[in-house]
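Hi everyone, thanks for making time this morning. Please take a look at the sequence and the structure while I walk you through them.

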Amino acid sequence: MNSPSLQMSTPPDYQPLPDAWDEMWDAETGVRPHWGDLVDGLAGLGARDWSARGQRIKRLLRENGVTYHVYNDPRGYSRTWELDPIPLLLDFAEWRQIEAGLEQRAHLLDLILRDLYGPQTLLKRGLLPPDLIYAHAGYLRPLLGALPADRRQLIFYAADLVRGPDGRIWVMADRTQAPSGAGYALENRTVMARTFPEFLEDASVAKLNPWLEAVRAALNGLGTVAREHAEVVVLTPGPANETYFEHAYLAARLGYNLAQGDDLTVRDGRVWLKSVQGLKPVDVILRRVDEEWCDPLELRQDSRLGVAGLVEAVRRGNVAIANPLGSGLLENPALIPFLPVLAKALLGEKLLLPSAATWWCGQQREREHVLANLQRLVLKPIHRGQASETVFGPDLDRKQLAAWRARILARPHLYVGQEPIQPSTTPALHNNRLMPHKASLRTFLVSREAGYATLPGGLTRCTSGHMLSAQSGALNKDTWITPAIELIRPPQMPVMAQGQSQLSQQGQQGQQSGQSQSQTLLQQSLKQAFQQTLQPAVQTSRSPVSIHPEAEILTSRAADNLFWTGRYLERAEAVTRLLRAVLDGLWEEETAPGLEPVLHALMRLMGYAPGDCGCKDRDDLANCVRELTTQNERPGNLAHTVRGLLGCAYGTREYWSVAIWRLLDRVERDWGQRPRKSGGSHERIDLWLGRLVDALAGLAGLASETLPRETGFRFFDLGRRIERGLTQSTLLVQTLQSRLTGEAERESLSLVLASADSLITFRRRYRAEPFLTGVLELLLWDVESPRALIYQIHTARRHLTALTHAGQRCNAERPLFSAEERIYAAEANLEDWRVDAAARQTLIATLGEISSQMTAASDAISHTWFTHVQELYALRPLPPRV
């Protein structure tokens, strides 16, 4: 985006595209008035300041983990969000007109939705053709009659807008199923506020946070069961979804649980959340899963993203979904040419925001027009996700045009043709210069008692091509409404566009030409009927703010990920420390003989047998360390562990603070910069391992300091304690088996203590060089040392006690208690603290048994809380523990 040599072009150097409206520049008057202050401020920034601010945007987006998954991208699957530093500015007076048109459109679509799944008056009266509705994949027949007609159903609405060459705003598409982008728009504003705070303040830009509060109030008001606060979950397809960041972001900002389909279950017609505390009732679902995937029982049978029985729960009125199942029908572009007539019939109003001229091929006259103009129209299927996606006629060759012609003639009702509109341009930074980019704006609305609340601004996308979507690589912008002056809306808002353009009029004539005067009278009576039967919903508001903190509800999936985040984190740190210890031993001649136990422990932890290394001399050992550091093929090695850590952390990103995400980003970046097999000196590998272990240790410490001592932290720390206990057991077993004596033993023990980050503690305590009994005391039996094996067992048992206080029983308690007994018995059996051959064998056997017990404890924890075992939710009390 930016480079150190960035230079801002001055407005006279800016060259708008011909025949396109430019948002910043007017050919006659120059910079548009509402852009003036911003242009002056940006032009006053020097090259160094521009470079610093550009790098800050990149860093903030990367550290905050703002990603968008782009499928089939050669640059990689997960891409950091790209934000242009130049915002799109809209004048406040114009925004009021856009806002009025959007609210009118949302209200109209809500009435259409309620009718099509209710009385179906529009179909019965001939205002909508049946093929247009029933042939659309978004019309879900199992939901017919399931949506109450007396309350608002369209909770969220988004519209994609472009400005045409004449300066008017046109609606290109309606987004009603699970509109995405609002979370990214909020994050864009957060980043811009930290990058250009003075410009935001000077421009009096409208704030976005009130809209987020309106979202919370709307969702809390949807609960169907009488309770003080509705239980709301955000339903996500999971981390593989392209907008998963937004799902986690909204869940964290709104304070809701992020749930995948496997986290929910339907019992007796009610939706329940599977949590480690048991089944919890769900009142409202903020849906981010496409509707056809939401119920494998009644919708798409091959879906693994939904909840079996969800449709039945909706039919019984036991759960509210925003947006409701079936709302995807409103995204049908074939509805667009019918909207002006429907607005007259249902609202008695003209449509304030015009739509791009659209012809539905299910009608003969419109089909003939599309076929005659294939080479210049935009061709679309009526349902997104069909085999044929949107194409631009001018981009098609003769063979492709013939294929589209045959496709339309075979099934005409499945396609539309749309008049292309030349989008307006907005300045964006490209190769360090201001260049005009075509722009579109996605706006967002949420239901409220008096109608709809509109997010001031939205998500702007711009590109130098003609595909304005994130999947096609479009650049993103913040959108500023300036100046943000609170005005009282007049009773009658001015109509933004008085009629359609000639192309748009042609598109509507096909639908209006066949209507007689009697049908006009029918529309008037229809309007009265709708006013009586489909009154605007009155939202029952609940207080969005809880005076008293609510107990944490942790899903089983989140507990699983947190537990394994702790384990992977501890394992990665242990392996990295051992690799550094081996490298330190290679650098010093006198420590080389003591490398054996540390190297063998390292091999064991990475899934190798100690003899697999095949090292005969120092050079072989150096190559072995390089291979263990850089290879990424074998499960259990450092690469596998780091990937597991990042994957589990990403799966629970709603639990991590911004500071933790910065460290996770550092871990990911450091891993990407690791030395490769073909190169990498000892010094380079050691330096890289040092950065990695610092980041891992910082991550562990920060997580321990920032996570509240609630259920989530206990699972995270349980994973760390079990993994550290297994690591220490392995390390001490290899130490006891080494049979080294004299100087070699001392050097070996020094490396062991260094790998456990306990060398300084040992020297301060004993004021001597390492000796075996002292090392065993510090790493085995010292209850005050956070590196001691007994400390891991004590801490794990304390967490289990807290987790099972509600009567749940976990079989992990027994193996941990047994491990504690064995470690104390081993201490008591040492005579005069002499570790002879017999004592060594006894300790080795004891440590092996302790490792087995801790592995059994880990398995029991997984069985109890992560596999949703039915008997965990028994209604009668469990028998008392003996």
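Let me start with a term: two residues are in contact when heavy atoms lie within 4.5 Å. On that basis, of the contacts in the protein with a separation of 6 or more, 73% are between residues 24 or more positions apart.

Now the ground rules. What you see is a predicted model, in which local features need pLDDT of at least 70 and side-chain atom pairs count only at pLDDT 80 or more, while totals for chains, interfaces and linings use all residues. Numbering runs from 1 along each chain as its sequence is written, and side-chain values use heavy atoms, with hydrogens and water left out.

On to the overall picture. There are 28 helices and 24 strands; these are DSSP runs numbered from the N terminus, with helices being H or I of at least four residues and strands E of at least two. The protein exposes about 36800 Å², and carbon and sulfur atoms supply 50% of that. Accessible areas here come from the Shrake-Rupley method with a 1.4 Å probe, and for residues only the protein chains shown count as cover. Of the 882 residues, 59% are buried, where buried means under 20% relative accessible area, exposed means over 50%, and partly exposed is in between.

Let's go inside. Thr426 sits in strand S19, residues 425-430, and counts as buried because its relative accessible area is 0%. Which residues does Thr426 touch, leaving aside neighbours within four places in sequence? Among them are Tyr14, Asp22, Glu23, Trp35, Leu88, Cys462 and Lys477.

Ser275 belongs to strand S11, residues 270-275, and at a relative accessible area of 1% it is buried too. Its C-alpha is 8.2 Å from that of Arg557, although 282 residues separate Ser275 and Arg557 in sequence.

Next, a helix. H11 spans residues 339-347 and is mostly covered, with eight of its nine residues buried. The buried residues include Leu339, Val341, Leu342, Leu346 and Leu347. After H11 comes Gly348, with a positive phi near 70°.

Finally, the surface. Asp37, Asp40, Glu201 and Asp202 gather in a patch of negative charge. Patch residues have over 30% relative accessible area and no salt bridge, and like charges are joined within 9 Å; a salt bridge is a side-chain nitrogen of Lys or Arg within 4 Å of a carboxyl oxygen of Asp or Glu. Helices H1 (36-43) and H7 (197-202) each supply at least two of the patch residues. Glu201, in H7, counts as exposed because its relative accessibility is 65%.

Methods:
Patch = residues over 30% accessible without salt bridge, like charges linked within 9 Å, V, L, I, M, F, W, Y side chains within 5 Å. Lys, Arg positive; Asp, Glu negative; His and termini not counted. Charge placed at Lys NZ, Arg CZ, Asp CG, Glu CD. Buried < 20%, exposed > 50% of the residue type's maximum accessible area, 1.4 Å probe, protein only.
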